[in-house]
Amino acid sequence: MRLLLDTHALLWWLADEGLQPQAQDAIADPANLVAVSAASAWEISIKKALGKLAAPDDLEQQMQAGGLVPLPISIAHGTAAGRLPRHHEDPFDRMLIAQALAEG
């Protein structure tokens, strides 16, 4: 299975709290590819700088140690995010939706 963590799921995974057992098991399963979007790192960085979020300073290292795979943002992802219906206005969530659809 291929998984793309949203920002909250990533933070909960790293903090080892907040995730349902089924989600924890899926992320921990070495048979699954678990990706994290560059959009999540961007969102975390912005919210940390604004003082709205406490998050690890070594996010990339923690992701690597946890076996999480970085997912860069491509031009195709950006184009797809812009074409999504306006159900959700959060640009980070829109990017994650576009990436999830594009990457299967």
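Biologist: How many aromatic pairs does the structure hold?
Modeller: The structure holds one aromatic pair. Rings of Phe, Tyr and Trp (its six-membered ring) pair if their centres lie within 6.5 Å; planes under 30 degrees apart count as stacked, over 60 as edge-to-face and the rest as tilted. Before we go on: this is a predicted model, where local features need pLDDT of at least 70, side-chain atom pairs count only at pLDDT 80 or more, and totals for chains, interfaces and linings use all residues. Residues are numbered from 1 along each chain as its sequence is written, and side-chain values use heavy atoms, with hydrogens and water left out.
Biologist: Thanks! Which residues form the aromatic pair?
Modeller: Trp42 and Phe92, edge-to-face, with 5.1 Å centre to centre and 85° between the planes. They link distant parts of the chain, 50 residues apart: Trp42 is in helix H3 and Phe92 in helix H6 (residues 91-103). Helices (H or I, at least four residues) and strands (E, at least two) are DSSP runs, numbered from the N terminus.
Biologist: Is Phe92 buried or exposed?
Modeller: Phe92 counts as buried because its relative accessibility is 12%. Buried means under 20% relative accessible area, exposed over 50%, partly exposed in between (1.4 Å probe, protein chains only).
Biologist: And which other residues of H6 are buried?
Modeller: Besides Phe92, they are Arg94, Met95, Leu96, Ala98 and Gln99. The buried residues of H6 pack against several elements, including strand S1 (2-5), strand S2 (33-37) and H5.
Biologist: What does Ala81 touch?
Modeller: Arg94, Met95 and Ala98, leaving out residues up to four places away in sequence; contact means heavy atoms within 4.5 Å. Ala81 sits in helix H5 (residues 75-83) and is buried, at 9% relative accessible area.
Biologist: Switching topic: at what angle do the axes of H1 and H3 cross?
Modeller: Helix H1 (residues 7-15) and helix H3 (residues 38-49) have axes that cross at roughly 75° and come within 9 Å. So H1 is roughly perpendicular to H3. Axes are lines fitted to C-alpha atoms, for helices over the stretch in contact, and angles run from 0 to 180 degrees between N-to-C directions. Angles under 35 degrees count as roughly parallel, over 145 as roughly antiparallel, 65 to 115 as roughly perpendicular and the rest as oblique.
Biologist: Nice. Which residues make the contact?
Modeller: Thr7, Leu10 and Leu11 from H1, with Ser40, Glu43 and Ile44 from H3.
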